[in-house]
Amino acid sequence: MNLFPSQQSDVAWWVEINTVVPHCTYYFGPFDSEKEAQLYRTGYVEDLYQEEARGIVALVKQCRPDVLTIFHEEAKVKIFSF
């Protein structure tokens with residue numbers, strides 16, 4: 001589901017947060033301005049940290065996310081013993 005119809009020419013501001021644990025990308029928004037998105041960014045980071053997310057990187061950007069939460073597949077690590 002696309003959150004913005006294709007005929008809409010404006011691209012809204014979003015907070016994109018990537019976390020290492022869990023390995024996810026989250027989108028929060030839309031916001032009318034970069035300033036508004038920046039104001040809310042800290043609260044979203046704090047909420048994720050309280051939910052034990054780690055390795056948090058938050059960006060404010062203009063985009064059109066198709067989904068609001070993306071769960072990235074975990075890399076499978078094989079341990080070899082000799």
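This is a predicted model: local features need pLDDT of at least 70, side-chain atom pairs count only at pLDDT 80 or more; totals for chains, interfaces and linings use all residues.
**Lys61 and its partner**

Lys61 is partly exposed, at a relative accessible area of 30%. I then looked for a charged partner and found Glu16: the two side chains meet in a salt bridge, 3.0 Å from N to O. Lys61 belongs to strand S3 (residues 57-62) and Glu16 to strand S1 (residues 13-19), so this pair ties together parts that are 45 residues apart in sequence. Is Glu16 buried or exposed? I have it down as buried, with 8% relative accessibility. I also noted the total for this kind of pair, and the count comes to 1 salt bridge.

**The sheet around that pair**

Next I wanted to see how the strands are laid out. I find 4 strands in an open sheet, ordered S3-S1-S2-S4, with antiparallel pairing. Which strands stand at the edges? They are S3 and strand S4 (69-71); each has a single partner strand, so one side of each is left without a neighbour in the sheet. From one strand to the next, I note an average twist of 15°.

I went through the pairings in turn.

- S1 and S3 are antiparallel and share 6 bridges. I looked up Trp14 here, and its bridge partner in S3 is Lys61.
- S1 and S2 also run antiparallel, joined by 6 bridges. Glu16 turns up again in this pairing, standing opposite Tyr27 in S2. I see that S1 and S2 make a hairpin, with 4 residues between them.
- S2 and S4 run antiparallel with 3 bridges between them. Here I find Cys24 opposite Phe71 in S4.

A reminder to myself: strands of a sheet pair through backbone hydrogen bonds, either parallel or antiparallel.

**The cysteines**

How many does a search of the whole structure find? The search gives 0 disulfides.

I moved on to helix H1. H1 lies across S1, S2 and S3, and I note an angle of about 25° between H1 and S1.

Which residues make up the largest nonpolar core? I list 12 residues: Trp13, Val15, Ile17, Cys24, Tyr26, Phe31, Ala37, Tyr44, Leu48, Ala53, Ala58 and Val60. The elements giving two or more residues to this core are S1, strand S2 (24-31), helix H1 (34-50) and S3. So that I remember how strands present their residues: in a regular strand the side chains alternate between the two faces of the sheet.

Leaving aside residues up to four places away in sequence, Leu48 touches Ile17, Thr19, Tyr26, Phe28, Ala53 and Ile56.

**Glu52, in a loop**

My last stop was Glu52. Where does Glu52 sit? I find Glu52 in the loop between H1 and S3. Glu52 is exposed, with a relative accessible area of 58%, whereas Glu16 counts as buried.

Definitions and conventions. Residues are numbered from 1 along each chain as its sequence is written. Side-chain values use heavy atoms; hydrogens and water are left out. A salt bridge is a side-chain nitrogen of Lys or Arg within 4 Å of a carboxyl oxygen of Asp or Glu. Buried means under 20% relative accessible area, exposed over 50%, partly exposed in between (1.4 Å probe, protein chains only). A disulfide is a pair of cysteine sulfur atoms within 2.5 Å. A nonpolar core is a set of buried Ala, Val, Leu, Ile, Met, Phe, Trp, Tyr and Cys residues joined through side-chain atoms within 4.5 Å. Contact means heavy atoms within 4.5 Å. Two strands pair if DSSP finds at least two bridges between them. Axes are lines fitted to C-alpha atoms, for helices over the stretch in contact, and angles run from 0 to 180 degrees between N-to-C directions.
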